[in-house]
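Student: I would like to go through this model with you, one question at a time. Please show the sequence and the structure.

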Amino acid sequence: MNNLNVLILAAGKGTRLKSNLPKVLHALSGKPLIEYVLAAAQSLAPRKIGVVVGYEAERVKAQLAGHTLEFVVQDPQLGTGHAVQIARPFWEDEPGTLMLLSGDVPLIAASTLSALAMHHASSRYSCTMLSTLLPDPAGYGRVLRNPAGEVERIVEQRDASPQELKIQEVNTGIYCFETTALVQIIDELTCKNSQTEYYLTDCVELLKKKKLRVGVVICEDPREVSGINSRADLAQMEGLLRERKLQQLMADGVTILDPLSTYVDQDVVVGKDTILYPNVLLEKKTVIGSECVVYPNVRISASTLEDNVTVLDSCLISESRVRSGSQIGPFAHLKNHTDIGKQVRIGNFVEIKKSVVGDKSKAAHLSYLGDADIGRGVNIGAGTITCNYDGFQKHKTTIEDDVFIGSDSQLIAPVIVKKGAYVAAGSTVTRDVPEDALAIARSHQENKEGWAKMKRQSKLKE
Ligand code: UD1
Ligand code: CA
């Protein structure tokens, strides 16, 4: 929409959350609240989007660094009306409509916003506000209408009379203003109210006094416009999103054995015929292919599993990729851009950090592989450790195709084990191993015949 600008109010601390983190950075289903609002704003394709920041402004800016935005800093934060006053340079010379959104109303649908903008434009109101009807309106500003049904003003919960508190139509904090109208009244806001704040909501009454027209669009689904003010609100909305997500996945062909103990973030994708066992958490932008099986007590965060991957019980996989046909776990830990090839087997108590493992390789038991580049068809014996850290720096281990590393070996990085080589069990490898060679780096075995029997006999005599 080319005569539309959007301003998101996100400067508040969120006192009721009792947090050091600014409210709009609290995560909902794996994503900060502000990201939801911003995505809704972007879907309208406005001329420009502004965000009013204040409390911990730098942190909020850093979170949004990847987007094309204008920031307005409001410090101190003297209320929603004050935020719009401070942001005046963003909107005052822009002809057309300014849409105002709250950074703490995350579920607002793009379709609702475009319907609001269309209604506002076609009705030629100076301001069109979005309201909703709530069985329990506690905490919200109430919409006061005159006998003709026209909106007269908005009264905040804390300033409302007992009679006004009974009104179930509430302000969602989302509005469209004509900038030419807003500029006439924005400086007339006062802070004569219970919170001594400049309320944006007072604009409605000020416009009416100037005989300017104010309209209301009622949002049918109140959940869409729920504000997050407390941790309880956050938990409630988390539950709502979780249920919706699981329903969607099941509708798309994913088997979820126990939806009550399965947690899947909004941005996660799961392919069909994948089975999720109880106590599975899939976080952030995780992608799971089809026909995968994820057994109990597994957390997968910001990772990709291709098709036909099995993750056995109690694994943690973060920021990593597992290619098709591989099996991970039980009790495995993959992290930090680890890339597991096709038909690989990673077994019990294996930790892999920032490493590539080629197709059909195996590390089945008790290993640490860090900063390693491992080829195809490699066998990593039980207890193998890449000693990648010298106390100052990390070093790389390269294990080429078809290498066999015997059990309980240490590979002191930097080191290369070339194609087809063997490392004998129990070796401490400090130098590169040539192609097809056998490296033995352990002391020779000596057998003392009859020693144990003699020892036992002498003990018996004592
Ligand atoms: C506000 C409305 C209320 C409405 C409710 C809907 C006012 C006075 N009240 O109340 O009528 O029912 O939203 O959710 O507007 N913010 C700033 N700068 C400030 C203060 C707030 O940017 O100085 C931002 C906050 O970060 C937040 C948004 O504005 O994203 C709303 O502020 P909040 O304090 O949550 O307002 P409510 O009390 O919920
Ligand atoms: Ca709020």
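Student: Is D104 buried or exposed?

Tutor: The model is predicted, so local features need pLDDT of at least 70 and side-chain atom pairs pLDDT 80 or more, while totals for chains, interfaces and linings use all residues. Residues are numbered from 1 along each chain as written, chains are lettered from A and ligands numbered from 1 in written order, and side-chain values use heavy atoms, without hydrogens or water. Buried means under 20% relative accessible area, exposed over 50%, and partly exposed in between, with a 1.4 Å probe and protein chains only. At a relative accessible area of 15%, D104 is buried.

Student: Which residues coordinate the calcium ion, ligand 2?

Tutor: Donors are N, O and S atoms within 2.8 Å of the metal (3.2 Å for Na, K and Ca), and sites may look incomplete because water is not among the atoms. N229 is buried as well, with a relative accessible area of 18%. At 2.3 to 2.6 Å, the ion is coordinated through OD of D104 and OD1 of N229.

Student: How many residues apart are D104 and N229?

Tutor: Helices (H or I, at least four residues) and strands (E, at least two) are DSSP runs, numbered from the N terminus. D104 is in the loop between β6 (97-102) and α5 (110-123), and N229 is in the loop between β11 (214-219) and α9 (231-251). The pair links distant parts of the chain, 125 residues apart.

Student: Which element gives the largest share of the lining of the largest pocket?

Tutor: On a 1 Å grid over the protein atoms alone, a pocket is an open set of points where a 1.4 Å probe fits, with protein on both sides within 12 Å along at least five of seven lines; lining residues have an atom within 4 Å of a point. The largest pocket holds about 1200 Å³ of space, and of its 37 lining residues the closest to the centre are R16, K23, T80, D104 and N229. Two or more lining residues come from each of α3 (80-86), β6 and β10 (169-178). The largest share, four residues, is from β10.

Student: Which residue in β23 is the bridge partner of T304?

Tutor: Strands β20 (residues 304-305) and β23 (residues 321-322) pair in the parallel sense over two bridges. For T304, the bridge partner in β23 is R321.

Notes
Pairing = 2+ DSSP bridges. Points joined across faces, edges and corners; volume = space filled by probe spheres on them.
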